[in-house]
Amino acid sequence: MSTPDTGTRMSLLACPLTPDLMGTVCLYRLPDKIENVWKDLRDQYRFTTGSRGNLPYEGLLTVLRASAHTSASLYPTSKDHPPRFLALSRKISPAQLRAAIVLWQQALLTTRDEQAEQISIDHPSELADLIASVDPEHVALFDHLTIGSSTIDADSWVWEATSCNLARRLGATPLKIDNREINLRPDTENNLLVWHPDQLWSSSWYAARPGKDKDLDPTTLDEWKTDLRYAALRVTVAMKSLPGIPHPLAVLHPSVSRLSNTLRSARTAWLAPKDPNAPLLSLHLGGKGDHTHLDHTSRLALDAWVRLRSETAFPRKDGETEFLPRSAMDLSGPPGNLRALIPYSTRYPIGKGPGIHTVTALADHLATVLGQPLLKAWKISAPAAYGARKTDYGRDTALLDNPDLHGILAAAGCTKLRILALYVHQEQRTRMQRLLAYHFNRPDLACGMPEDTVIDLTEHVEVLIHHAPELLTHGDHHRHRGELTAQIPGLTAPNTGVLALCETTYDASQWSRDRRAANRPESQTTDPDTLDAKPHVSRHLAQHGVLAQFLNANVTLGRSKKQPRETTNPLDVLGAELATDHPGHHAIADMLRAAGLVPPRLTRAISYGGGLKDRCAHVGLHLRVQRGDKWKDRTEQQPRLMWTLVAFIPRGDFWEAWAYIPPAHNERSGWFSYAMAQTIHRGAPLPDGSRQDDALPRQIDHALSLLGQQDYVLYISGRGTRSLWPLLANKNLDLTPDDLGHIKGRPALPGISLPDGRRPRAIIRTTAAGPDLPLPAFFEEVAADSTVTDGDKTSNSLFRLQDTDRTFILSNRPHQMDGKTYFAKAGRDRSRWSPQNGEEQAETWYTLNATEITVLHCPDHHDPATYAITATRLCNYPLAGEHRTQLPLPIHAAIQMDKDHPDYRRSIDWETEEDDG
């Protein structure tokens, strides 16, 4: 595709790689007989440890990376296929290679009860002898790429080795920013970290933000305010691919690493060797509190590395065999050789995000050091969100004052709505009463609603207020909650959708402290999650066909940043009084979203600005694996597979929302209205399953065929699905399906192998922001005379990747950056190294993020940009909320349905996908 000559051009934090930039490796082609040696070692390891897993190869690779200052990769590393290649970026002596393998192997087979002192580099090892005897082949990494017309592919060791070579190259030159030079030190996982103490960010940030520490423990507040805290820039370096670009890319992803003053409950740490030129050892930890420990793989690596380099990992008492004695837990004071990231559940006085200015400086660093132009994209659509949800002081007037509300309700599957307001405390009853009176335009009811009586808010909405303290209060009386739920009046009504607005209490900081306390030995504190009423109440209400929405009573309402308006009528007076109750407004909006209410404005929102003009259904596929928590809940060891389809279907002037429930646990399955699907979903356990199930793609195709729509567009979340269908993975984009829509006997895409009349018109993969997507770095305006001037620092527009026709990048500006405060613009013009007041330094510094939109299938005579613009418009249209979502509405609604499940736990398992760059 030709490149535009004029317009707005976006530069991304990525650049193309040449053969020289990818570098070379020493490739050890292991002899055939080593396969049985690997298998014998795996059997010994399983016998010694009782594990049924694969060998922890990463421990050996970490030893090689740290001790030999090299990249290290084994391929393959599956249970059925032991490694046949070892790739190192530099040749090391056979003696050093053998010693590393011998020490790792002995650590692998030594239990805690055995004498670790017996480990020696002189120990006999057939595995070490075989690998050390191989004469490596010096190869160019570029020669091991498979380059197609629109993508690339390579074995995993090529991606790993190239990423390591890039990290070393980029770390050798200081980052120039704000008239400073910042040193970046690589680690064993291809991160670049600011390590020098003088270049860390440090301050008593709590002292600079006195109004934002109200929930801190008063007994430690003075100490926290005067304590110095530290943070550092961390940059992930990787070779990646993007669809439509037939060459590899170097992609950087910056973040703020906030350093912890304790190792307790940390999950990631780094250890600096004595040699300042050696890479930092990246360590992973498990356990909580004083029981924090190195995970098995890191322990093996550290054990072998300490013996190989004759270094002391941590201060230890004589006879101490633990690598993390209690003396190593305290990291207070200036950062030393051992540093850890804060646990996610811990408060920290400095916000996240490096800021736009730092991203731009990193882009200049990348282009300068590698000598390559940055990856470019050209704007094709303005960011207008025509018809998107807008509220008036929190109230959705376009929905709730719509004269066709009866038609919207009919499209949702009911003729009326009933809201059960369930409360514990009188002040929350008053709050719910006032919120409902405001949103449904009944200010006359703000001062009083009768108890346990159904009253009309509007012609189509009614409310019943009920006191339910025993049901809603946290505690261990969960077995009684089912009986208490059944006693609530008004649970059912003919042709009526029943919702429940429920009071709850949640203090994030206090619950976090209680969780940590509950894990201490002989603790008398109970884990608050085991007492939480919410999941049980939600499940029991769903089994009665009622959708629960919780309203936190433990909130402090601030002041409104909007200009006060003239209160000309009682509704405006009430709205002004409720202007700062943002959690309450959001709860009402999300409750109505769960009910499946879709305002007709969706039609205008889709078609505006180059989107699809003809009306068709829009379907979203979401899939997520939830693993069991082996430290917390022994009954949740089996992974749970959550997948669903959500469809928005035009019916006359209205839109119907439907969702598919997969068959599981003898529950109802099939297509249901969005609200009905939610009750079935919440009332049953999450189903067991695995992405590796061969029947899963067939089940999803079957669900699409049952939808009964002859014209629909399918949107697929790129996270977690790429391994299921060949053409969802970048590496397979050059493959052509056969006449049945299959590639190597597998359906190429969801629905593509269905017969005519059931096949999607278009299939669009959308991938939300993550470390594999390059960030927008800066924007330029290119005039007709080729003059280039600086553009706006931020953009919400849609861009087409240069030289591609089906791949688009949606630049997303976090809505916090549009705030009216001074700190909303933090990080735009300077870095955290530049002088500034402490309060600004403590704020979160936002960066732009990106959503990738790839049109994988559409009619030959249609412009793919039309479908990309439509996907963008659907990102601008959440049913609840006023800000753009990272994924289109059908996927977003499916994700929200997943999150509403009582057993939902956040899990990110992108690393389990096939590595397609």
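Where pLDDT is low, the predicted coordinates should not be read in detail. For the protein chain, the mean pLDDT is 87, and 90% of residues reach 70 or more.

Local features need pLDDT of at least 70 and side-chain atom pairs count only at pLDDT 80 or more, while totals for chains, interfaces and linings use all residues. Residues are numbered from 1 along each chain as its sequence is written, and side-chain values use heavy atoms, leaving out hydrogens and water.

Strands (E, at least two residues) and helices (H or I, at least four) are DSSP runs, numbered from the N terminus; two strands pair if DSSP finds at least two bridges between them. The following table lists strand pairs.

| Pair | Sense | Bridges |
|---|---|---|
| β16 (residues 268-271) and β17 | antiparallel | 4 bridges |
| β17 and β18 (residues 293-294) | antiparallel | 2 bridges |
| β21 (residues 416-423) and β23 (residues 461-467) | parallel | 7 bridges |

Leu283 of β17 is the bridge partner of Ala269, and Leu285 stands opposite Leu294 in β18. The hairpin of β17 and β18 has 6 residues between the strands, and Gly287 takes a positive phi near 80 degrees there.

An open sheet of 5 strands has the order β22-β23-β21-β24-β25, with mixed pairing. Because β22 (455-456) and β25 (546-552) each have a single partner strand, one side of each is left without a neighbour in the sheet.

Note on methods
pLDDT = per-residue confidence, 0-100.
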